[in-house]
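Please look over the strands, cores and disulfides of the structure below. A short report follows.

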Amino acid sequence: MGGGVSQRAAGQPRPPPPLRFPPSGGGGFSLVTPNPERLLREAPSGARQPRPAHGRCCRRSGGLGPAPTGAAGLGGGGGGGGGNREGGGGGAAPVRGGERTKRPRRGRPARCRPQRGGGDRGTRPPSRPPVPPPPPLLRAHTDTHTQRHKRLPVRGGRMRRPRPWPLVLCAAAAAAAAAAAAAAAAEPPPRSYPHSAVLDGAAAYRLRWGRRGSAIAFRLEVRTRGYVGFGLSASGGMASADIVVGGVERGQPYLQDYFTDENRVLKKDPQQDYHLEYAMENSTHTILAFSRELHTCDTNDKSITESTVRVIWAYHHKDMGEAGQNYHGSNRGTKSLRLLNPEKEEVLSASLPYFDLTNKDVPVPDKDTTYWCQMFKIPVQHEKHHVTKVEPLIQKGHENLVHHILLYQCSSNLNDSVLDYGHECYHPNMPDSFLTCETVIFAWAIGGEGFTYPPHVGLSIGTAADPQFVLMEVHYDNPSYTEGLIDNSGLRLIYTPVIRKYDAGVIEAGLWVSLFHNIPPGMPEFVSEGHCTLECLEEALGAERPAGIHVFAVLLHAHLAGRAIRMRHFHNGEEQKLLAYDDEFDFNFQEFQYLKEERTIVPGDNLITECHYSTVDRIRMTWGGLSTRNEMCLSYLLYYPRINLTRCASIPDIMEQLQFIGVKEIYRPVRTWPFIIKSPKQYKNLSFMDAMNKFKWSRSEGVSYNELVLKLPVNVRCSKTDNAEWSIQGMTALPPEIERPYKTEPVICSSSSCLRCSLFLTLLFVVHVTASTIGNIGPFV
């Protein structure tokens with residue numbers, strides 16, 4: 001059961017990862033209609049909208065206006081008038097306002113032109129509104145052939161003053177146009193949705209999304225002709241969820257904002273914050289495009305932040321009728337996403353070479369946690385290259401079995417004899433060569449997809465300073481103790497001979513994984529802190545890079561008890577903006593967060609990885625360790641340029657923790673692990689783990705213990721490559737005085753409904769002022 005390294009040379013077509021699941025990135029489904037590519041294409045700016053699918057006359061939609069309750073309106077020219085569900089004639093639905101019938105030219109009868117072609121089409125408002133006809137007052141001067149001035153009757157020797165309403169309407173229209181133009185200029189809609197994810201295993205439900213300033217736009221493409229449900233949930237379930245339901249029924253679109261209470265009862269939200277922009281239905285699929293503000297003024301809505309978001313989805317083959325909701329049955333699910341991840345610049349050629357590092361037929365034991373280590377040799381490169389992307393190759397069906405993969409750089413003094421076989425990591429019989437592998441060069445965790453390096457950064461291979469031997473550590477999570485599992489998962493590294501400006505490095509920061517990190521049972525909230533100390537950063541940066549390093553991505557890592565993780569950044573004792581955070585941490589979804597802006601770390605800085613846990617469902621202590629039932633509190637920082645610093649972490653002092661429960665003395669010298677307690681009597685001859693579990697923990701005792709642990713001195717871990725250490729390693733340091741708990745930045749909520757009300761009131765004010773001004777003008781003579 002060894003590992004394999006497979007290669008593909010440059011110029012050969014690069015196939016997609018054969019075992020990668022679920023599919024990621026862009027791309028959509030193929031609609032079963034004539035010319036589906038044209039069907040789904042966005043209408044270009046100023047382009048004429050497609051005609052209805054039926055060859056009958058219909059009215060064209062006018063300007064934007066209020067939509068009927070429960071829908072966003074229907075454009076008359078979009079095929080809504082002939083929604084033939086059985087024949088596949090689609091109802092295409094942009095937002096509708098008032099309708100206006102087009103007048104035939106004088107002297108010519110109105111005619112209907114037959115519609116060419118067929119099929120289903122969706123329509124949308126043009127990206128630039130059409131030029132409106134001139135107002136009546138201007139037409140009086142420009143269209144002298146069709147409209148002439150009429151002399152008004154004279155009373156009392158004075159000409160009657162005409163009513164000022166044409167001017168008022170003109171001013172109102174101008175004000176409305178100006179307001180719309182200002183809004184469009186402030187938040188222009190995106191031309192595409194930069195992010196995409198398939199939410200179900202059958203690829204029947206695809207979500208696309210993109211940020212629009214203070215709002216976010218969604219597009220759902222679902223294989224159904226019934227209703228489509230989409231929502232945001234703190235738990236991933238229906239309880240206390242923010243939900244939107246929409247579809248196209250008999251050619252008419254509908255979109256409603258709902259919420260559920262703690263009993264999962266679906267209720268219509270009195271404040272409708274989801275706004276339909278486009279809807280289409282054909283013989284197989286329903287497409288809905290809508291948007292909402294990131295932070296609304298609605299307590300029934302869930303704010304969208306940079307944290308993990310648990311998306312819930314559902315669909316049905318029937319629409320939401322007057323009788324109420326049709327139960328979706330098994331067509332439902334949940335998926336964790338990071339909706340506000342910055343857009344990535346991914347410029348990769350399909351012909352770039354790559355090599356795979358994969359396990360070969362590894363037998364996964366029938367136990368809950370296994371760490372499997374396999375040594376690989378990087379394919380020989382005769383000159384420097386840069387890895388530009390790393391993709392997970394997860395065996396199909398093992399998406400929940402493979403929890404994370406770490407890639408370590410090993411000593412360059414090894415030889416090919418270490419490549420013969422793999423072995424269980426952290427085992428007494430583990431090969432000694434594995435102990436030389438301490439430098440993390442890449443990390444992937446469950447739920448994550450491929451990672452692309454920024455255009456100016458790459459992972460260097462091919463030189464004497466670069467990794468020649470690497471150790472791949474795979475964490476298998478098998479809580480059901482399933483027998484007979486054989487795994488062949490691993491990583492794919494895509495590289496280029498075109499050298500980038502900087503070499504990337506990885507720093508592991510946080511709490512050193514050990515039993516000295518522990519969490520009492522029954523705690524709804526417990527906070528642990530791992531320190532990348534000022535002393536470690538000063539020594540390493542001062543010697544290697546006084547100007548500082550630049551962090552561009554962070555992976556936050558914990559296990560099952562983790563609820564939230566923050567990476568706090570301090571410069572000369574003053575707290576900066578959070579480097580990274582996830583207040584909705586999901587154990588089953590851990591990936592690198594791209595930073596919106598690169599963060600510079602310089603001498604004088606220190607970093608704190610702050611982890612929040614909940615152990616309300618546990619009756620024994622939770623210990624720091626490798627199992628998913630144990631805990632970790634780590635951050636992996638991707639940065640450039642690479643320096644000789646691989647780990648910047650800390651360990652809290654254990655003796656003061658034991659003093660909290662009354663331990664007075666341990667047996668010395670320490671010959672066993674965990675060590676044994678000598679006094680007092682109730683703990684005599686117990687290991688310190690047994691003593692901590694014997695202590696009667698209450699919630700108040702847990703809070704007091706948490707306050708103590710956060711102030712304890714810490715042992716500094718400050719490591720180089722090849723198991724070398726900076727001189728500060730092993731020293732004791734006091735944690736910095738910081739504000740606890742961390743105060744989050746205030747969220748400014750905004751409601752598009754309130755915005756529209758404000759614009760309407762502004763428009764009324766303009767009309768009123770204009771009318772008053774005209775009323776004060778003297779009469780015409």
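Which residue in S6 stands opposite Leu-207? Leu-220 does. Strands here are DSSP runs (E, at least two residues), and helices are DSSP runs of H or I with at least four residues, both numbered from the N terminus.

This is a predicted model, where local features need pLDDT of at least 70, side-chain atom pairs count only at pLDDT 80 or more, and totals for chains, interfaces and linings use all residues. Residues are numbered from 1 along each chain as its sequence is written, and side-chain values use heavy atoms, with hydrogens and water left out.

**Sheet and hairpins**

Strand S5 (residues 205–212) and strand S6 (residues 215–222) run antiparallel, joined by eight bridges. Two strands pair if DSSP finds at least two bridges between them. S5 and S6 belong to an open sheet of five strands, in the order S4-S5-S6-S12-S11, with antiparallel pairing. Its edge strands are S4 (195–198) and S11 (275–281), and each pairs on one side only. Neighbouring strands of this sheet are turned by 15° against each other on average, direction ignored. That angle is taken between axes, which are lines fitted to C-alpha atoms, on a scale from 0 to 180 degrees between N-to-C directions.

Strand S9 (residues 252–260) pairs with two strands named here. Strand S8 (residues 241–249) pairs with S9 in the antiparallel sense over eight bridges. Gln-252 in S9 is the bridge partner of Glu-249. The hairpin of S8 and S9 has two residues between the strands, and Arg-250 takes a positive phi near 50° there. S9 also pairs with strand S10 (residues 266–268), antiparallel, over three bridges. Lys-267 in S10 is the bridge partner of Phe-259. In the hairpin of S9 and S10, five residues lie between the strands, and Arg-264 takes a positive phi near 65°. Eight of the nine residues of S9 are buried, so S9 is largely enclosed by the rest of the structure. Buried means under 20% relative accessible area, exposed over 50%, and partly exposed in between (1.4 Å probe, protein chains only).

**Nonpolar cores**

A nonpolar core is a set of buried Ala, Val, Leu, Ile, Met, Phe, Trp, Tyr and Cys residues joined through side-chain atoms within 4.5 Å. The largest has 60 residues, and Leu-637, Leu-645, Ile-661 and Phe-688 touch the most other members. Another core, of 58 residues, lies apart from it and has Val-387, Ile-394, Tyr-594 and Leu-638 among its members.

**Disulfides**

Five disulfides are counted, each a pair of cysteine sulfur atoms within 2.5 Å. Three of them are listed here.

| Pair | S to S distance |
|---|---|
| Cys-373 and Cys-425 | 1.9 Å |
| Cys-532 and Cys-648 | 2.1 Å |
| Cys-536 and Cys-718 | 2.0 Å |

The link of Cys-536 and Cys-718 is right-handed, with 80° about the S-S bond. Cys-536 lies in helix H4 (residues 534–544) and Cys-718 in strand S42 (residues 714–719), so the pair links distant parts of the chain, 182 residues apart. Both Cys-536 and Cys-718 are buried.The link of Cys-373 and Cys-425 is right-handed too, with 115° about the S-S bond. Cys-373 is buried at 2% relative accessibility, and Cys-425 is buried at 5%.
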